[in-house]
Amino acid sequence: MTAMQKPRLSEDEIAVAPETERDEPSAPAPQPAPSPPAFVPKPPLLAAAYVLAGTLFALTQGLGMNLISANLPQIQGSLGATTNETTWLMAAYMAPNVSLSLLLIKIRAQYGLRNFAELSIIGFVLVSLMHLFANDLQSALVVRFFSGVAASPLSSLGFLYTLESFPPARKMNIGLCLALTNISLAMPVARLISPALIEIGQWHGLYLMEIALALMSFAAVYLLPLAPTPRAKVIERLDVVSYLFIAIGFGAAAIALTLGRLYWWLEAPWIGVLLAVAIIAVTAMVVIELNRKNPLIDVRWLASKEILHFTGALLLFRIVLSEQSSGAFGFFQVLGLQNEQIATLTWLILFTTIAGGLACAVLMKPGREPAIHAASLALLAIGAYMDSRATNLTRPAQMYASQAMIALAGALFLPPALASGMMSALKKGPNYILSFIIVFLVTQSLGGLLGSAAFGTFVTWREKFHSHALVQHITLMDPFVAQRASQLGAAYGRTITDPTLRNAEGLALLGQQATREANVLAYNDAFLLITALSTFALCALFIHMALIALRQSAAAPQPTAS
């Protein structure tokens with residue numbers, strides 16, 4: 001996966017209630033969790049400091065992933081590796097990162113939030129320093145694996161610090177919107193700061209910034225302590241077993257989705273092995289959880305109609321949102337544009353994302369979720385359709401409006417979905433929080449990887465189709481082709497005197513132009529596919545809203561005739 005990803009959602013989205021569990025018959029009885037402390041308002045400046053600390057943690061965690069995906073060509077030169085080999089750095093990071101958040105919830109609840117924050121940030125600082133000693137691909141892979149482990153708690157801290165200053169009534173709208181907006185900032189920020197960091201020191205220059213942010217985060221944790229939360233014994237022995245199966249399954253799936261389209265799905269046997277391992281591991285976890293009295297994850301609830309509908313909606317949104325993370329930036333990379341040449345577009349995406357998050361905080365109220373989601377899908381469909389008319393002369397200025405629409409859609413969609421899903425889980429009881437978190441892990445982390453993999457695979461397939469159609473007509477028997485090849489070969493007139501060799505060079509250049517055109521057409525096809533998916537989701541949402549309205553009108557008491 002060479003395109004940028006939206007950074008993934010983590011586990012402690014709102015940290016609303018510590019969960020307690022009844023242990024299994026063979027385990028000691030768990031301690032009941034005391035009530036959480038009452039909310040104490042903070043002075044305005046201190047409250048703002050906590051929100052800024054949350055932004056710092058979110059950026060620190062997000063840049064760890066996005067600095068790699070935004071600079072693969074530059075990194076492969078520094079490490080002396082191919083594109084496929086360099087992409088293993090992303091796979092090594094995502095393999096532990098996609099599932100570790102699930103276990104961290106219980107670790108935090110059992111051992112205390114303060115200990116969790118301090119040990120997490122110390123571990124991240126140490127791993128960040130290890131990047132300075134990674135000078136080849138093998139050592140870089142080891143460092144990136146541990147970086148994925150160490151970065152996972154930071155997204156939790158980003159959420160917790162952002163929500164710390166808000167009263168409970170505001171956590172689910174203003175606090176939640178700000179926290180999710182902070183997570184979305186890392187992708188554009190990574191592209192904006194990368195050119196200067198690359199000039200400083202190539203591979204190591206990228207992580208000088210991460211080390212600086214890690215040290216700032218270390219200071220923030222100790223200067224701005226979080227309010228203590230009640231502890232409870234919530235970790236059981238079978239929790240560890242179930243988590244190991246989840247980690248194996250999610251990690252194998254993450255590696256396959258990251259690298260599948262580069263090594264190609266049907267060409268590399270190990271991709272099939274990884275997918276089979278993922279299926280077996282997740283199946284084993286399901287079997288264990290179905291037979292537990294006090295499961296880590298309530299599989300039956302996850303298989304209910306409402307949760308399947310919720311999961312499908314979020315997964316579809318993550319796929320269509322890849323239009324920006326994998327589509328627009330990948331399109332300009334094909335045209336030869338670098339990060340510094342698309343800086344204005346990136347700034348626009350950054351500002352629009354912030355504006356969208358603030359607008360969502362103002363607009364989000366209970367019952368408005370369908371309307372906000374409809375607006376998001378409409379913006380996505382319109383923006384993707386505008387991009388589908390691109391040519392080889394399209395430059396970032398022609399995509400300002402469309403990419404702003406897509407960035408705004410991304411900022412508007414997720415907070416209402418997360419709030420409604422979390423409230424649904426809380427209505428069932430605190431023990432359902434972990435089950436809800438697994439839904440978000442799948443839709444945000446693995447869903448983001450699936451979206452990028454599906455988009456990239458579709459583009460590759462369509463590029464081969466269009467390339468085959470175009471190359472069929474490149475023959476010197478065609479006078480127009482012969483004239484074009486001669487014109488292109490004339491550029492080598494001062495260095496190549498043999499006319500046959502000049503024509504061969506002209507044909508090679510013509511073939512490169514045909515490949516570029518095939519890529520442009522492939523991206524246009526992908527943008528049209530995103531348009532179709534967004535329109536389908538919008539129509540499905542309208543039908544769902546209409547059915548709910550019909551049921552409510554049918555259930556309403558009818559006035560009786562006098």
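This is a predicted model: local features need pLDDT of at least 70, side-chain atom pairs count only at pLDDT 80 or more; totals for chains, interfaces and linings use all residues.

Me: Which residue does the side chain of E517 meet in a salt bridge?

Reply: The general idea is to look for a side-chain nitrogen of Lys or Arg within 4 Å of a carboxyl oxygen of Asp or Glu. Here the partner of E517 is R516, at 3.5 Å from N to O. R516 is partly exposed as well, with a relative accessible area of 33%.

Me: How many salt bridges does a search of the whole structure find?

Reply: The search finds five. One of them joins the side chains of K464 and E463, at 3.6 Å from N to O.

Me: Is K464 buried or exposed? And is E463 buried or exposed?

Reply: One compares the relative accessible area with two cut-offs: under 20% is buried and over 50% is exposed. K464 has 56%, so it is exposed. E463 has 9%, and therefore counts as buried.

Me: Which residue meets R292 in a salt bridge?

Reply: That residue is E289; the N to O distance between the two side chains is 3.1 Å. R292 is buried, because its relative accessible area of 8% lies under 20%. E289 is also buried, at 2% relative accessibility.

Me: Which residues are linked with E289 and R292 in a network of salt bridges?

Reply: D239 joins them: salt bridges link D239, E289 and R292 in a network.

Conventions:
Residues are numbered from 1 along each chain as its sequence is written. Side-chain values use heavy atoms; hydrogens and water are left out. Buried means under 20% relative accessible area, exposed over 50%, partly exposed in between (1.4 Å probe, protein chains only).
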